[in-house]
Amino acid sequence: MTRADGRQPEFVILDPRKEKRRLMAELLAPVGPLTWLRMPPLAMRDYPETAAKADLAAEAAIRAPRSGLAGRMQRRIYAWQYNGTRAMLERRPDAVAVVWNGLNGARRAFAEAARDAGVRTLFFELAPFRGRVTCDPRGVNFANALPRDIRPYLDWAARSGVPPDTWKAE
């Protein structure tokens, strides 16, 4: 993931804390410097997309108020987080924005802002196999970059020379 000029990328990471932080650091630190954010930065100046992106974050939030004053306040906070993250990343066009999962609430606002700022993104998630982590440039779950067609996987398996019944051996 070295840049065209040979320099290492800076990873701007929305801190997942605990064990997930350790895993991300282990994988990314050998590649480039890490900048950890405890929470997305805030900014009040809206972009044309701000309201729509705040709505996406609010609709995907876990246990978030959906209506009333609390819901409006939550959307405003997500809007400020989107604005702050986007402004920060627009000033760092060579950065790579990194988030654990990126589907819900503040993590969604961070991920949306990174995309709209035009920086590269990495999404981390626990893999379906024990002791493994998934890292994808587009997203997690159905938003990931994996092919939806089975053919590339079958072709890879055929080229690997590994018997198909040994894939789960440890």
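Visitor: In what order do the elements of the protein chain run from the N terminus on?
Guide: In this predicted model, the order is β-α-β-α-α-β-α-β-β-α, starting from the N terminus.

Visitor: And how many helices and strands is that?
Guide: The protein chain has 5 helices and 5 strands.

Visitor: OK, what does the C-alpha trace span along its principal axes?
Guide: The C-alpha trace covers about 60 × 40 × 30 Å along those axes.

Visitor: What share of the residues is buried?
Guide: Buried residues account for 37% of the 170 residues in the protein chain.

Visitor: Which residues form a nonpolar patch on the surface?
Guide: Leu146, Ile150, Tyr153 and Leu154 do, and together they have about 370 Å² of accessible area.

Visitor: Where is leucine 154, then?
Guide: Leucine 154 sits in helix H5, which covers residues 151–160.

Visitor: Why does leucine 154 count as partly exposed?
Guide: Because its relative accessibility is 41%, and partly exposed is the range between under 20% for buried and over 50% for exposed.

Visitor: New topic: charges. How far apart are the mean positions of the positive and negative ones?
Guide: They are 4 Å apart, taking the 29 positive and 19 negative charges of the protein chain.

Visitor: Last one: of the contacts between residues at least 6 apart in sequence, how many join residues at least 24 apart?
Guide: In the protein chain, 60% of those contacts do.

Technical notes
Residues numbered from 1 in each chain as written. Predicted model: local features only at pLDDT ≥ 70, side-chain atom pairs only at ≥ 80, totals over all residues. Heavy atoms only, no water. Patch = residues over 30% accessible without salt bridge, like charges linked within 9 Å, V, L, I, M, F, W, Y side chains within 5 Å. Areas by Shrake-Rupley, 256 points an atom, 1.4 Å probe, with all protein chains shown as cover. Salt bridge = Lys/Arg side-chain N within 4 Å of Asp/Glu carboxyl O. Helix = DSSP H or I, 4+ residues; strand = E, 2+ residues; numbered from the N terminus. Buried < 20%, exposed > 50% of the residue type's maximum accessible area, 1.4 Å probe, protein only. Contact = heavy atoms within 4.5 Å. Lys, Arg positive; Asp, Glu negative; His and termini not counted. Charge placed at Lys NZ, Arg CZ, Asp CG, Glu CD.
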